[in-house]
Amino acid sequence: MIRIVIAEDQRMLLGALSSLLDLEEDMSVVGKARNGEEAVELVRLHKPDICIMDIEMPAKSGLEAAEELKGCGCKIMILTTFARSGYFERALKAGAHGYLLKDSPSEELADSIRSIMAGRRIYAPELVDDAYSEENPLTEREKEVLGLIADGKNTKEIADQLFITTGTVRNYISVILDKLNVSNRIEAIMRFNEKGWFK
C-alpha cells in the first residue's frame with residue numbers, strides 16, 4: 001500500500017484529490033494538510049511513502065516544505081498550476097521526485113505516483129524543455145550588482161561596496177534591464193527570481 005500525504009490550500013481540491021487517490025486499490029491517503037507547515041508535521045508524524053505538494057500555500061510554501069523534508073525518506077511530488085522554470089529548478093534542488101501540472105489528466109496522477117515509487121522521476125515535459133532552453137544572460141558582475149539591488153542597496157552603496165563609480169553602476173543597471181527585458185529594478189528582481197537564477 002502506497003501511503004500518501006496531500007498538501008493543498010484549496011479545500012475542494014484537497015478533498016477531490018484525496019477521494020480520487022483513495023479509490024486506487026494500492027493507495028491510501030494518511031494525511032491532508034492545508035499549508036506547507038502542516039505538510040511537514042504530517043510527514044514527520046505519519047512517515048508516508050510520498051507527499052503531494054502544491055507550491056503557493058500559506059504559512060510555508062510547498063517548495064520550502066520540500067526543502068525542509070529533503071532526505072527524510074518520503075518522496076516529494078509537486079502538483080501545481082505554475083509552470084515556472086524557477087519553481088521547477090528549485091523543486092529539483094529540493095530533491096522533488098515529480099513535478100506535475102494541475103491540468104494533467106487525473107489518471108496520470110496515480111500512474112505518476114506508481115512510477116515515482118518504482119524509482120523513476122516524473123516531470124511535466126513543458127518544464128523540462130524550458131529548463132534547458134533558457135540560460136541566465138547576466139555576467140557574474142551583473143549578477144552581483146542585481147543581488148545588491150535585491151538587498152536594498154542604492155547606487156552609491158553598490159558603487160562603494162564594489163569599488164566602482166556610480167556611473168559604472170548605472171551602466172550595469174541599464175545593461176541588466178536590457179538583458180532581462182524589463183523596465184525597472186523591481187521587475188528585474190522579480191524576473192530573475194521567477195527564473196530561479198538567484199542562488
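L101 is in contact with L79, T80, F82, A83, A124, E126 and L127, leaving aside its neighbours within four places in sequence. This residue lies in strand β5. The model is predicted.

- L101 is buried, with a relative accessible area of 6%.
- Its C-alpha is 5.4 Å from the C-alpha of T81, although L101 and T81 are 20 residues apart in sequence.
- Which way do the side residues of β5 point? G98 and L100 point one way from the strand, while Y99 and L101 point the other way.
- Both pairs are buried.

**Strand pairing around β5**

- On one side of the pairing list is β4, which pairs with β5 in the parallel sense over four bridges.
- L79 has L100 in β5 as its bridge partner.
- From β4 the chain crosses through α4 to β5, and this β-α-β crossover is right-handed.
- β5 also pairs with strand β6 (residues 122–123), in the parallel sense over two bridges.
- Here Y99 has Y123 in β6 as its bridge partner.
- What is the hand of the unit made by β5, α5 and β6? This β-α-β unit is left-handed.

**The nonpolar core**

- The largest nonpolar core has 27 residues.
- Which members touch the most other members? They are C51, M53, I76, I78 and Y99.
- Several strands each supply at least two residues of this core: β1 (2–7), β3 (50–53), β4 (75–80) and β5 (98–101).
- Helices α2 (36–46), α3 (62–69) and α4 (85–93) also each supply at least two.
- Y99 is in contact with I55, I78, T80, F82, R84, Y87, F88, A91, I122, Y123, A124 and L127, leaving aside its neighbours within four places in sequence.

- H97 is in the loop between α4 and β5.
- Is H97 buried or exposed? H97 is buried, with a relative accessible area of 16%, because the cut-off for buried is under 20%.
- The H97 side chain reaches the backbone oxygen of G95 at 3.3 Å.
- Leaving aside neighbours within four places in sequence, H97 is in contact with K75, I76, I116, R120, R121, I122 and Y123.

- Side chains of opposite charge can pair when their charged atoms come close.
- R114 and E24 meet through their side chains in a salt bridge, at 2.6 Å from N to O.
- R114 lies in helix α5 (residues 106–117) and E24 in the loop between α1 (11–22) and β2 (27–33), so the pair ties together parts that are 90 residues apart in sequence.
- R114 also meets D26 in a salt bridge, at 2.8 Å from N to O.
- D26 lies in the loop between α1 and β2, so its pairing with R114 in helix α5 ties together parts that are 88 residues apart in sequence.
- How exposed are these residues? R114 is partly exposed at 29% relative accessibility.
- E24 is partly exposed at 26%, and D26 is partly exposed at 27%.
- Which residues are linked in the network of salt bridges? They are E24, D26, D111 and R114.

**Salt bridges: R90 and E67**

- R90 forms a salt bridge with E67, and their closest N and O atoms are 2.7 Å apart.
- This pair links distant parts of the chain, with R90 in helix α4 and E67 in helix α3, 23 residues apart.
- R90 counts as partly exposed at 33% relative accessibility.
- E67 is partly exposed too, with a relative accessible area of 37%.

**The ends of helix α10**

- Helix α10 covers residues 185–194.
- At its start, a side-chain oxygen of N184 reaches to within 3.1 Å of the backbone nitrogen of I186.
- G196 follows α10, and the phi of G196 is positive, near 75°.

Note on methods
Residues are numbered from 1 along each chain as its sequence is written. This is a predicted model: local features need pLDDT of at least 70, side-chain atom pairs count only at pLDDT 80 or more; totals for chains, interfaces and linings use all residues. Side-chain values use heavy atoms; hydrogens and water are left out. A nonpolar core is a set of buried Ala, Val, Leu, Ile, Met, Phe, Trp, Tyr and Cys residues joined through side-chain atoms within 4.5 Å. Buried means under 20% relative accessible area, exposed over 50%, partly exposed in between (1.4 Å probe, protein chains only). Contact means heavy atoms within 4.5 Å. A salt bridge is a side-chain nitrogen of Lys or Arg within 4 Å of a carboxyl oxygen of Asp or Glu. Two strands pair if DSSP finds at least two bridges between them. A crossover is right-handed if, with the strands pointing away from the viewer, the path from the first strand over the helix to the second runs clockwise. A polar contact is a pair of N or O atoms within 3.5 Å; within protein, one must be able to donate a hydrogen and the other to accept it, and residues adjacent in sequence count only if both atoms are side-chain atoms.
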